[in-house]
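Here's a quick tour for anyone opening this one for the first time. Have a look at the sequence and the model, then read on.

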Amino acid sequence: MATRGAVHVWIVLLILFISVRPSRFEDNISIRKSVATSSNQDAAKWPARAAVDGDIRQEITYCAHTLAENQLTAWWRVDMGQRMTINNIKIYYRANFKNRFAGYQIFVSNTTDLNNGQLCYEDASSTIEEVSTVKSHQCQYVAQYVTIYNYRNTPTRHGFYWQWAVLELCEVQVLGCPVGMYGEGDCNQKCPEDCYGGNCNAINASCFYCYPGKHGDRCKQDCVANCKDNICEKDSGICTDCIPRKYGDFCNEDCSGNCNDSRCYQHTGHCKGCVFGRYGDVCELFCSNNCRDKTCLQDSGNCIECVRGKKGIHCAEDCPRNCVTCTQVDGKCTECVQGKYGTNCEKDCNDKCKDNLCTKDDGNCLECQHGYHGMDCTLECEPTCKICQREDGDCTECLDGLYGGNCSLACVNCERCSRETGNCLTTCMPGYEGEFCQMIIQSPPEDDSTGTTVGIVVGLLLLVSIITIGVIFVIRRRRQNPLKKEGPFDDFGRQEVSRSSRLNNGYESDERTSEPLANLDNVYVNSGNVNKTTDTYEEVYCNSGFEGIAISDLTSLVKTKMLNKAKAFEDEYKSLPLADLYEHKVGMMTENKPKNRFKSTFPYDHSRVVLDKQDKDPHSDYINASYIDSVTLPAEYIATQGPTNKTVDDLWRMIWQLKSGKIIMLTNLSEGPKKKCVKYWPDEGQPMSTKHFEIVLDRERVYAFYVIRDIILTEKKTKSVRQVHQFHYTTWPDHGTPNPNELVVFNRRVKLYKNSLPGKMVVHCSAGIGRTGTFIALDALLDYGKESGMVDIIGYIRTMRKDRVNMVQTIDQYIALHNILIEAFDMPDTLLPRVEYHAALNRLSDDVPVNQTKLWQEYQLLQTMKPTYTKVDYKAALLPANRNKNKDPKVLAVDKFRAYLTSSLSDRTDYINAVAVPSYTSRTGYIITQSPLDDTIVDILTMIMDNQCDTIVIIEKDPVKWLPKEGKDSSIGKFTLKHLGGSSNLAHIDLIDIAISNQSHKFDTKVRVFRMTGWDRDVSVPPDSSAVLQLLELVDSRRKSHDSKTTVVMCRDGYTQSGLFCCVSNARDQMKIDEEVDMFQISRQVLVRRPECITSVDQYKCCYNLVKEYLDTTDVYVN
């Protein structure tokens, strides 16, 4: 009996040993900790806590169990109460249910959101036999939460998978120690003091990271002295980078003396650029003398550019005859010898060109010979002119002996005089003196013959003057231009247009008067039917023909018209009909005047929109709106004023009656102190009601420079429902003209947006004439120009003005319209929808040499279209006080895009080398800047304060010295920085929270810093694309939770990495929000602000590929 009892005791002890505790050195830090789960099959029978109760039996009775059916995702999570050092995670799953367990994932994180954590393990078993229901996973991270996750999708990943996502976890053991501790069973020993952050492996005390200067298992060994910043790899001691002039694993080899700055790559010794005139791996070879500036590519020796007159990769061949310079690859002439022009410089310049010089492409003279004018210099100046203005033939210098505005007056008693005043510029004829040589010199009489002689001379001179003036008068009359005709609107009054407004970006207003009508609020009127009256004005709408210029000539024409302070544009604009041309009696009626936003802007009677009359009110048919013709079709657009409180219902009546599906709004509700338009739509969740309609905002999407609103309109009487789309352009400057690229992109969005209603688009600003006319002209002329290849801009403005007063209201808008159309016609079709993205990317990267792919051609076009800035555009950056704030004197912040320091100290300027770049959804999305110099750290902090930034992205492999260290505050100027904590759960991404305060400005904020460490500054594209996508996801989540505040993006030079990051971020957002992407336009908007960004075709291709990887990643999780 005693023996049998002893056996029973040993069996019990053996069961307890097996089932209660694993044989590990470190603790099970998850046991009996707080848990959560996505669902419970039966919380009483199989609670989530059963997976941390210490019982490892794999029977359902002892397991946690999520819902078994109809679930596509399932998760279980344990909270260890604080951050712990994890070594292993061991899972005991319900026995014999491998098909349910298969495909599971393990995440560790410091928040309950697993997306902000790290994927530790994913089961990739391809057969059911490979799946194990008891498995231990090494997962060496510091984290507070462990999440077991599974999912199912259609089609299933493998046929043996269970149909639904379900977890039956019998025990989850998280083995590790508290942060900073290790030990055998009870984690009672501290990690070595040289471990970075005091953290080490929970079992063997091996440090995860070492402080700079140390390496080894426990960080006891010193890095070699030649390691840059004294940093080396923890395990091997190999330097992560070398000090200048050294290379090798331990930086003990000397770089070649032919390397530029004696710098070379660490592992090969190959030079990072060569000294002047050299190429090769170690710059041992000489570039060709025919290479421009003796500069060639390091790897091949191919010349980057050729000296004048040479072509070919080594510049060994001569350019074609008559070419001064030609393209390096194909030898096409880019500059002709004097006197030649044409594609191959085969044509002769006009002999009237000064110095026989003309433009290469079209042969237009650069300047005219004296005595000639006109675009081709074939028109003779007036016979009295020595030199005249090329544009209009006005005299600028008279023939000797003449003066006056038209050189029609003869100088008096001198050979040459001032054109403006007639003052003599040469000595007077004998016997005369004075400023105008009109005073006769008085001399003592010698004899009687003297007076006679003087009288004869004076008489002869007067006779010569009279004859000269007569001859000039007759010649001028005969040489008047027989082709000069009066304009069709010359009977209307003209208004002088100042040039100063155009040259100084002068005030532009949608109003013909700044005085609005009084008492416009809170009075609602009835409304009525829309018909463009034709009766006596029908002939007005017949276009008799269309003339214009070729689209291919538009750019050169605009350049020519901008000469002489844009006088040609000014003269053209003056020729347009001004003020009211036709009757507008209906709008001026006493009953209708309160419906007009401005006192003197009325629709013409013949072209006004006529509403259906309501409630027997004879005046309810009026709204201040006009039909506008396109180039070829009548009444294609509706131009109207921004509604007032009294006319909101009238606007919706018109939209309903015309079955319009698109509203284009080109003004903000207020601009400065002026009210431009009332808000005629509701906010989300707050329906709006007018006399005849119920209005609901169904959806609103905010972009960097416009907003799209989908509005549900319900007619009260019939209960009929329609959806109308409003496109609100929000960035038209109050005192200027819009960014051409942004307005054209906006117009493209309007055109491509699907709409089921057949009515014409309604366009409005404030008065409905200035911005409205500019947008309608863009839309109409773009359509016509694409079909015909021709545009007649001024002709179409006349077409609009016969239907509504003063369409395209200012000369600034007139000039801007030309530039906007140039942008529109030049814009390539690079918009790619999501469903076609992969196929389109393959087409862009066809299997041909790189410089023949469509992607390469697209990149070259992008480079040609980016702006060329001059010193005038960098005034602030080039001030003596600011020059040392720029790391590279060639990379400066453009004045109109730079980030201003509004709180700068009295001894510092407002300049920092940083530019504002829009995100896809915000005008102030990003600020791109360089890593600060020692003297500009305070400027970075001031910029963060002035722009209320709370997120910083730093792409820098080396430690960031200005960030505060853990447990140690730092002071920079009047700023105090404090380290609030951080983590490194993701590969190559560190997260640090810091507090920044400035008591003198009462500023105190918390900033999150994302530092990407795996992208070296010498590498143009990121080596780990998944890290970039993870970083984008983190930043996006941060921005959404913090009201899209401006994010600072910083890299060493301020453009290589940060520019690519912003492009990819905007492209990802466009694909995510609109399921399409236009990499060309996204890149262009960044390059306008920082032309140095997207440094190579490899970077441009990388942007495309990262969007592809984003799609590949997200498509996996689509149910």
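Which elements do the buried residues of α5 pack against? They pack against β32 (549-550), α6 (563-574), α11 (793-801) and α12.

**The big picture**
- The protein has 1119 residues, and buried ones make up 50% of them.
- You'll find 19 helices and 54 strands in the protein.
- Take the contacts between residues at least 6 apart in sequence: 59% of them join residues at least 24 apart.

**How confident is the prediction?**
- The average pLDDT is 85, and 87% of the residues score at least 70.
- Residues 1-25 have a pLDDT below 50, and beyond near neighbours in sequence this stretch has 21 contacts in the model.
- The pLDDT is also below 50 over residues 445-450, a stretch with zero contacts in the model beyond near neighbours in sequence.

- Helix α5 covers residues 554-561, and its buried residues are L554, V558 and K561.
- Look down the axis of α5 and these buried residues fall within an arc of 65°, so they line one face of the helix.

**Salt bridges**
- Side chains of opposite charge can pair when their charged atoms come close.
- The count of salt bridges here comes to 52.
- E636 and K760 form one of them, with their closest N and O atoms 2.8 Å apart. This pair links distant parts of the chain, 124 residues apart: E636 sits in the loop between β34 (622-628) and β35 (637-640), and K760 in the loop between α9 (740-752) and β43 (761-764).
- D779 pairs with K751, the closest N and O atoms being 3.0 Å apart. Here the link runs between helix α10 (residues 770-788), which holds D779, and helix α9, which holds K751, with the two residues 28 apart.
- Is each partner buried or partly exposed? D779 is buried, because its relative accessibility is 3% and the cut-off for buried is under 20%. K751, at 34%, is partly exposed.
- R1084 and E823 meet in a salt bridge at 2.2 Å, N to O. They are 261 residues apart, with R1084 in helix α18 (residues 1079-1089) and E823 in helix α12 (residues 811-826).
- R1084 is buried at 10% relative accessible area, and E823 is buried too, at 8%.
- Some bridges share partners: E1033, D1036, R1068, D1069 and K1072 are joined into one network that way.

- Y196, Y209 and Y211 make a nonpolar surface patch of about 350 Å².
- Y211 lies in the loop between β11 (189-190) and β12 (214-215).
- With 38% relative accessibility, Y211 counts as partly exposed.

Definitions and conventions. Residues are numbered from 1 along each chain as its sequence is written. This is a predicted model: local features need pLDDT of at least 70, side-chain atom pairs count only at pLDDT 80 or more; totals for chains, interfaces and linings use all residues. Side-chain values use heavy atoms; hydrogens and water are left out. Patches are made of residues with over 30% relative accessible area and no salt bridge: like charges are joined within 9 Å, nonpolar side chains (Val, Leu, Ile, Met, Phe, Trp, Tyr) within 5 Å. Accessible areas come from the Shrake-Rupley method with a 1.4 Å probe; for residues, only the protein chains shown count as cover. A salt bridge is a side-chain nitrogen of Lys or Arg within 4 Å of a carboxyl oxygen of Asp or Glu. Helices (H or I, at least four residues) and strands (E, at least two) are DSSP runs, numbered from the N terminus. Buried means under 20% relative accessible area, exposed over 50%, partly exposed in between (1.4 Å probe, protein chains only). The arc is that of the directions from the helix axis to the C-beta atoms. Contact means heavy atoms within 4.5 Å. pLDDT is the predictor's confidence in each residue, from 0 to 100.
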